[in-house]
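Reader: I have a model on screen and a list of labels for it. Please take me through them, and set each label against its rule.

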Amino acid sequence: MAARLFNRFARFALVAAAAASLAGCGVNSIPTAEENAKAKWADVQTQYQRRADLIPNLVATVKGYAKQEQDTLTKVTEARAKATSIQVSADDLTDPAKVAQFQKAQGELSQGLGRLLATAEAYPDLKSNENFLTLQSQLEGTENRISVARRDYNEAVREYNVTIRTFPAVVAAKVIYGAKPMVPFEAAEGAQAAPTVNFDTPAKPAH
């Protein structure tokens, strides 16, 4: 009787230890990967906010030299308002619809900025304005930082998604955390490149 009880206890202890060992392999790696992805998303948001902060001054500068481009200026201002109104928290990163909404708004703003900068070709005085050149340089630098931040976020998301799907961490992901895959950032077509203005082409006459 005692022997049977001992054998049962030993088997139970062995199974429990094995389960704990397997689960333990993923208990720490999952939140670590999750927090890393969330931190990278915060970097993405910071860079997009930096871009948004530059736009009012850019619009005002262009308006001073190209009042007739009011339609373009209005569209950029509206796109900025829409983009800044859509917020995606770290807890929303598993919701494809919310991430897609954010991506779409930022993509539309990128396209609007491209069109706005292109109007400078028609205004030589604007192209040579020191404030405009400074803002253009800052904007291009910010677009480059956005690209890097998106890349780093996507890599962190990839690592997290692989972690929660890989044995033995998948056990902890399902049993302990109820972890869901995060959504990578997929920029709209054409939005990956920083807005540029080609100053080497002949300027169009102002109208």
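Author: What follows goes label by label, from the whole chain to single residues.

Author: This is a predicted model, where local features need pLDDT of at least 70, side-chain atom pairs count only at pLDDT 80 or more, and totals for chains, interfaces and linings use all residues. Residues are numbered from 1 along each chain as its sequence is written, and side-chain values use heavy atoms, with hydrogens and water left out.

Reader: What pattern does the chain follow along the sequence?

Author: The pattern is α-α-α-α-α-α-α. The chain has 7 helices and 0 strands. Both kinds of element are DSSP runs, numbered from the N terminus: helices are H or I with at least four residues, strands are E with at least two.

Reader: How much of the chain is buried?

Author: Buried residues make up 37% of the 207 residues. The cut-offs are on relative accessible area: buried is under 20%, exposed is over 50%, partly exposed is in between (1.4 Å probe, protein chains only).

Reader: What share of the contacts between residues at least 6 apart join residues at least 24 apart?

Author: The share is 81%. Contact means heavy atoms within 4.5 Å.

Reader: What does α4 bury, and against which helices?

Author: The buried residues of α4 include V99, F102, L109, L113 and L117. Q103, Q106 and S110 are also among them. The buried residues of α4 pack against α2, α3 (70-85) and α6.

Reader: What is the span of α2, and where does α2 bend?

Author: Helix α2 (residues 29-65) has 37 residues and reaches 55 Å from first C-alpha to last. That is close to the 54 Å expected. The bend is about 30°, at I55. A proline, P56, follows within four residues. Bend here is the angle between axes fitted to the seven residues ending at a residue and the seven starting there.

Reader: Why is α6 called roughly perpendicular to α7?

Author: Axes are lines fitted to C-alpha atoms, for helices over the stretch in contact, and angles run from 0 to 180 degrees between N-to-C directions. Under 35 degrees is roughly parallel, over 145 roughly antiparallel, 65 to 115 roughly perpendicular, and the rest oblique. The axes of α6 (residues 130-165) and α7 (residues 169-177) come within 5 Å and cross at roughly 90°. That makes α6 roughly perpendicular to α7. T163, I164 and R165 of α6 make the contact with A169, V170 and A173 of α7. By class, those residues are 4 nonpolar, 1 polar and 1 charged. Nonpolar covers Ala, Val, Leu, Ile, Met, Phe, Trp, Tyr, Cys and Pro; charged covers Asp, Glu, Lys and Arg; the others, Gly among them, are polar.

Reader: What makes α2 roughly perpendicular to α7?

Author: Their axes cross at roughly 80° and come within 9 Å. That angle makes α2 roughly perpendicular to α7. S29, I30 and P31 in α2 meet A169, A172, A173 and Y177 in α7. This contact has 6 nonpolar, 1 polar and no charged residues.

Reader: Is V183 buried or exposed?

Author: V183 is buried, because its relative accessible area is 15%. V183 sits in the segment after α7. Beyond its neighbours within four places in sequence, V183 contacts L93, T94, D95, P96, V99, Y153 and V157.

Reader: Why does T61 count as buried?

Author: T61 has 9% relative accessibility, so it counts as buried. T61 is in helix α2. Leaving out residues up to four places away in sequence, T61 touches L126, N129, N131, F132 and L135.

Reader: Which label does V162 get, and why?

Author: V162 is at 41% relative accessibility, so V162 counts as partly exposed. V162 is in helix α6.

Methods: The expected span of a helix is 1.5 Å times one less than its number of residues.
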